[in-house]
Amino acid sequence: GVESLLCIPLHSGQKTVGYLIFETVRTARAWPDETITPLRLMGEIFVGALRRKRAEENLAESQRRLLQAQKMEAVGTLAGGIAHDFNNQLTVMLGNARFLQAEVAGNADLSDAVADLKRAAEHCAKVGIILADTKFELGLDPDGTLVLGDEACTPDSSRFWPADKYA
């Protein structure tokens, strides 16, 4: 069995975070201060190294999250630009729809389709609505990684926003 035991607590602030344990099994031993003092110092160095490692890991995690936030901000700025571009293109769509109406006048199906396009574009322009979602969805996966997904086209009215309220 154990003949003698030395247990040195490891402290981080006011909290005990572990112990350095030394034992002898063959003969009993006295642990003089000349032995205990360097072992305590070794324990303090060990705890300091653990704190530094945790601080480095926390910093790396913070940097990773900051990079993800910066990516999301950049994509949001891009999405805002796309919505702005779409609103600018509304004028082009209306002009082309008017031109197409004259070109497809003899084809009832095409004339109806162009009329629908023109009517939808005119309505959006009249009420100041823009397409604010270009069918891309952004999010973070369980690991906190930014994910850009392509969603299926659905008649989701939340994709349309008043032009003057969209930033």
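**Salt bridges and a β-hairpin in the predicted model**

Three salt bridges occur in the structure; a salt bridge is a side-chain nitrogen of Lys or Arg within 4 Å of a carboxyl oxygen of Asp or Glu. The model is predicted: local features need pLDDT of at least 70, side-chain atom pairs count only at pLDDT 80 or more, and totals for chains, interfaces and linings use all residues. Residues are numbered from 1 along each chain as its sequence is written, and side-chain values use heavy atoms, with hydrogens and water left out.

Helices (H or I, at least four residues) and strands (E, at least two) are DSSP runs, numbered from the N terminus. Glu-61 and Arg-64 lie in helix α1, residues 33-103. They are three residues apart, about one turn of the helix. Their closest N and O atoms are 2.8 Å apart. Glu-61 also forms a salt bridge with Arg-65, with a closest N to O distance of 2.9 Å. Arg-65 lies four residues from Glu-61 in α1.

Glu-61 is partly exposed at 30% relative accessible area, and Arg-64 is partly exposed at 27%. Partly exposed lies between buried (under 20%) and exposed (over 50%), using a 1.4 Å probe and protein chains only.

In helix α2 (residues 108-127), Arg-119 and Asp-116 are three residues apart. Their side chains meet in a salt bridge at 2.4 Å, N to O. Asp-116 is partly exposed, at 44%. Shared partners join Glu-61, Arg-64 and Arg-65 into one salt-bridge network.

Strands β1 (residues 4-12) and β2 (residues 15-24) run antiparallel, joined by nine bridges. Strands pair if DSSP finds at least two bridges between them. His-11 stands opposite Thr-16 in β2. The two strands form a hairpin with two residues between them. Gly-13 in the turn has a positive phi of about 70°.
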